[in-house]
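Please open the model in your viewer and keep the selection tool at hand. The stops below say what to select and what is there.

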Amino acid sequence: MSKTLKYAYYPGCASQAITKEANSTTLKVAKALGIELYDMPKANCCGAGLVTDYDYDLSLALNSRIFAQAEEMGMDIMTICSTCLMVMSTANRDLQNDTELLKRTNEVLACADIRYNGTVKIKQLLWVLAEDYGLDNLKKKVVKPLKNLKIAPFYGCHSLRPSDALGFDDPERPWSLDAVITTLGAETVEYDGKTKCCGFQMDLITEDTAVEMTGKRLLDAKNEGGNCMVTPCPFCHINLDNYQGMAEKKLNLKIGMPVFHLAQLVGLAIGMTAEELELSRHLVSARDVLKESLIV
Amino acid sequence: MKIKIKISRCDPMGKGWCEPFLQAYDIEAKEGMTILDALHLVKDVQDGTLAFRRSCRSAICGSCAVNINGFPKLACKTHLIAEYKKRKEIIIEPLSNHRVIKDLVVDFNTFWEKINKVEPWLNRKTAISGQRSAVSKQTVLKINNSSKCIMCGCCNGACNTLEIDKRFIAPAALAKAWRFVGDVREVDKKKRLEKLSEAHGMWDCVRCVNCTQYCPKDVAPLQAIERLRAEAINQGVIDNHGAKHVESMVDSVKRVGRLDEAAMTFKTLGFLRSIGMIPFGFRMEMHGKMPMPLIFPQIEKIEEVKKIYEEVKKRKKQAEVKVEK
């Protein structure tokens, strides 16, 4: 790589609290890869779609406040949360496509002396690895190929849709996570749930439906021969890992599918230890799968 | 160019169920041909027993929605060669989430039942008389997308909640509901929103964005759902987990600039159901994942966020006054 990659880093709320291992391992892995991530201490929550459910104008203004900070820093935003990615990208699409809307939003922001010029790009760690950093460069960093792992890539809705706002992967035949997995030396698994929903947004609303949805995705992956899963989204991780026990109870069978954050999987392949990658924070242990695959 | 297309075949013959299988047909694809043209070609020349719905051939009637290579699309709006070049195969199956009657024909009764549930008509103060009721362009634009729906069922076919919960009202009906809730002339908005807030209603959308992604007419059902939800909160229809979930998020961002997981769980579920979460919480805690009341500091310059909230609120009020005038 000729130029050092620099991003305004937006981990999102979940990755700073309930799934904070996603954040800490991303920082470690980025450092090891030579990707520079810069804090955004002023950044507010994107609203996770819930603020959009309350007031669209408020959602636009809050997201623009985040974008304005990245503009000040002169960098694009990199997030490790697909929901943040989707919410920010749709807001950004609307603002960039509609100068009247951008003007109106800036009139709101003027109350706090903020201005967004519409120049920021929003990326997901996954895309940064697959494109900006590049698979060839990633391959050079692999010291412990993840042989014997059969990984089900769980993209999550908000890494794929709406594709006109995200503008990166193919929503029907996504490739980026598959490509990262094979670059790390593992095998990928094709399964029905690959582009489907984990159920997270319904956890606190209609838990039954959410849990059944989670179980179905995990089971599909298992039935197709997957021995673990990876997701670039902390919300998907909450459901696939934390709610897996509930899903097993509901479906009345054992699934036992360890689920990695994207950064953790990269970390394993570039030689980091399970402790460094905080794998013990997961409810479904990855120990057996990794032992069988001779990775730790 | 010769293309092999595979079509899902299934004929329950009154038995109610059969195992679908893929049948392959070789066809001579010509430039400009659509998937629907290909289906016609198969039926006319090779196999008269193939069943599929179609009518206008111009993406207006909404009859020919099928799964093409796994995703719902109008057969008449999808180019055969382009799709084949993109995917290296053509697999045509019936729309998901609907019972198959024969081959590609699915039972649309459940679709219409859902549409009927939202009472797809306008309730006005007075019966339509000779006088005109003028509606501004701006207010029409709010519901314009919903009016474009051709009832093809692509959104319901792709809906992830409907896949799990057959009773879910689903995106097509919700987009239609917004057509009327968002209409300035409608008088029963609140009643509609109360009904839509019941179980299996609008708060059960899991935001998978499939409806908006696969709508062939840019209806953007998810946006309609977001607007319905915002309108419900605006009208005070908030006695349900969905609305409480939104309110606790809006409140949390205003207070500390980010999501306060513990407060959100508590506010969404209420006291009793939160107690039910304690065993789960303990299991989470063993891995350091108990949602704790926010202990990390609020974001820097939170006062900017508060100002933005006030400003948006002020502008909304001004806009409402303007509409009333």
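The tour goes from the contact between the chains to one residue, then to the core and the domains.

This is a predicted model, in which local features need pLDDT of at least 70 and side-chain atom pairs count only at pLDDT 80 or more, while totals for chains, interfaces and linings use all residues. Residues are numbered from 1 along each chain as its sequence is written, with chains lettered from A and ligands numbered from 1 in the order in which they are written.

**Stop 1: chain A against chain B**

Select the contact between the chains: 51 residues come from chain A and 52 residues from chain B. Two residues are in contact if their C-beta atoms, placed from the backbone, lie within 7 Å. On the side of chain A that touches chain B, helix H2 (56-73), H4 and helix H9 (207-223) of chain A each supply at least two residues. Helices (H or I, at least four residues) and strands (E, at least two) are DSSP runs, numbered from the N terminus. H2(A) gives the most to this side, with six residues. Colour this side of chain A by class to see 28 nonpolar, 13 polar and 10 charged residues. Here Ala, Val, Leu, Ile, Met, Phe, Trp, Tyr, Cys and Pro count as nonpolar, Asp, Glu, Lys and Arg as charged, and the others, Gly among them, as polar.

**Stop 2: Leu101(A)**

Next select Leu101(A), in helix H4 (residues 99-109) of chain A. Leaving aside neighbours within four places in sequence, Leu101(A) contacts Asp94(A) and Leu95(A).

**Stop 3: the largest nonpolar core**

A nonpolar core is a set of buried Ala, Val, Leu, Ile, Met, Phe, Trp, Tyr and Cys residues joined through C-beta atoms within 7 Å. The largest has 187 residues, of which Met229(A), Leu174(B) and Leu228(B) touch the most other members. Helix H7 (residues 170-181) of chain B gives the most to this core, with nine residues. Centre on Met229(A): residues in contact, not counting those up to four places away in sequence, include Ile151(A), Phe154(A) and Met257(A).

**Stop 4: domains of chain B**

Colour chain B by domain: domain 1 (2-106), domain 2 (109-234) and domain 3 (241-324), with bounds from an automatic or database domain assignment. The contact between domain 1 and domain 2 of chain B takes 15 residues from domain 1 and 14 residues from domain 2.

Notes
A residue is buried if 20 or more other C-beta atoms lie within 10 Å of its own, exposed if 12 or fewer, and partly exposed in between; C-beta atoms are placed from the backbone.
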